[in-house]
Amino acid sequence: TACLAPRAVSVVLLDRSTDLRTPLTHDFSYEAIAEATGVLRNGRFRQKQRDGSLKEKLLVSSDELWSKLRHLPIHELEHVLESHTQGFKNEYSLVYEAQRKMERGERLTVSELANMSQCMESVNYRRRKEEIEVQTALSVEVVATLLEPSMESGVPSQGHQETYLHKLMMLEQDMVMGRDDDDKPLRTSDVLTRLKQHLRTPSEQVPTLAASLTEAQALRDARNARPEERAESSIAQQAVSSAQPASSDEQQRLLALQALCLPLDDATREPLIDASRIDPSQMSALTRSLFYLGARAPPPGSQKAPRAADAGVPLLRHVPSVRN
């Protein structure tokens, strides 16, 4: 993997068998989730304008703010973005003080008008202001893929509820860690119930690691819809959920993660295969692939618990082997 740096390029070569689990889980960083859910598409963000139109913005590494935020874990995003925004306001305090005076109905002196106009017309001011506006809009959409407002009778209420993606990522972290977010041992029956639910869920209902732009845009449109439109969309999604299984790629990813983290005998695993309705040949190919990559079921009681992150974030408990 090549990591971009200001003056040099660092290359890290790893054998795939070093860590088979991490590539099968969602990345909790800002850019990764944005791309996985379709909020970003190949670095392009379609930002909604005040007139309702969409403006496409290409995010590049030369953008100062984007380069600071893109690899941050989601839970650090709000603090860094707020800090940067406050620094911008402090640097251009003349502009914001003049705007506050105008909002209070006070008149500005000629000098104040001239200073405000000079600042607002500068290239640096406009560039940084646009960066902040784009990242604020982008961060709101990304966070909405994990948490959305609670609904009561089709109307948003206080509090938030977990989205499908949040529940899926929590299940991934639980399986990889072998413990829940309260650090309690997992019950196999509970994991099987949650796995069957996700194996039966249609890919059209949630962005996956390979989500298309069309699917992700439809989800964002549903979040921005009026209450009555949102309710109709929810009913339609529930109807689809009961009729269609998840995509084959997503099923195989979850089953591979289960095989690595929670080895089961054939009889216990059978309900998962039935829920996914996966082709036996695909299941055999998946098993062979894991075997060739060096995956082996450890003897009972010999498996060490993975090292947990110190961040205290439920969706960021797993520490990839390369960081150990």
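This note goes through the predicted model point by point, from the overall fold to single residues.

1. **Overall make-up.** The protein chain has 324 residues, and 38% of them are buried. Its secondary structure comprises 13 helices and 7 strands.

2. **Contacts and surface.** The chain exposes about 19500 Å². Carbon and sulfur atoms supply 51% of that area.

3. **Salt bridges overall.** The structure holds 17 salt bridges.

4. **Lys55 and Glu130.** These side chains meet in a salt bridge, with N to O at 3.8 Å. Lys55 lies in strand S5 (residues 54-58) and Glu130 in helix H6, so the bridge ties together parts that are 75 residues apart in sequence. The accessibility of each partner is worth noting. Lys55 has a relative accessible area of 43% and is partly exposed. Glu130 also counts as partly exposed, at 30%.

5. **Arg127 and Glu131.** Helix H6 spans residues 123-144 and includes Glu131. Glu131 forms a salt bridge with Arg127, and the closest N and O atoms are 3.2 Å apart. The two residues are separated by about one helical turn, because they sit 4 residues apart in helix H6. Is Glu131 buried or exposed? Its relative accessibility is 9%, so Glu131 counts as buried. The cut-off for buried is under 20%. Arg127 is partly exposed, with a relative accessible area of 34%.

6. **Surroundings of Glu131.** Which residues does Glu131 touch, leaving out those up to four places away in sequence? They are Asp63, Glu64 and Leu65. Two of these names, Asp63 and Glu64, are acidic residues, which count as negative.

7. **Arg317 and Asp174.** Here the closest N and O atoms of the salt bridge are 2.6 Å apart. Arg317 lies in the segment after helix H13 (280-292), while Asp174 belongs to helix H7 (residues 164-177), so this pair ties together parts that are 143 residues apart in sequence. Both Arg317 and Asp174 are buried.

8. **A salt-bridge network.** Glu97, Arg100, Arg104 and Glu106 form one network. Salt bridges that share partners join them.

9. **Glu35 in helix H1.** Glu35 is found in helix H1, which covers residues 30-36. Its relative accessibility is 24%, so Glu35 counts as partly exposed. Beyond residues up to four places away in sequence, Glu35 touches Leu40, Arg41, Asn42 and Gly43. Glu35 and Phe45 are 10 residues apart in sequence. Their C-alpha atoms are 9.7 Å apart in space.

10. **Asn42, a contact of Glu35.** Asn42 is among the residues that Glu35 touches. Asn42 sits in the loop between strand S3 (40-41) and strand S4 (44-48). With a relative accessible area of 67%, Asn42 is exposed.

11. **Asp183, another positive phi.** Asp183 also has a positive phi, near 65°, and is likewise a residue other than glycine. Where does Asp183 lie? Its place is the loop between H7 and helix H8 (188-200). Helix H7 also holds Asp174, the salt-bridge partner of Arg317.

12. **A negative surface patch.** Asp265, Asp266, Glu270 and Asp274 gather in a patch of negative charge on the surface. One of them, Asp266, is found in helix H12 (residues 266-276). Asp266 counts as exposed because its relative accessibility is 66%. The cut-off for exposed is over 50%.

Methods. Residues numbered from 1 in each chain as written. Predicted model: local features only at pLDDT ≥ 70, side-chain atom pairs only at ≥ 80, totals over all residues. Heavy atoms only, no water. Patch = residues over 30% accessible without salt bridge, like charges linked within 9 Å, V, L, I, M, F, W, Y side chains within 5 Å. Areas by Shrake-Rupley, 256 points an atom, 1.4 Å probe, with all protein chains shown as cover. Salt bridge = Lys/Arg side-chain N within 4 Å of Asp/Glu carboxyl O. Charge placed at Lys NZ, Arg CZ, Asp CG, Glu CD. Buried < 20%, exposed > 50% of the residue type's maximum accessible area, 1.4 Å probe, protein only. Contact = heavy atoms within 4.5 Å.
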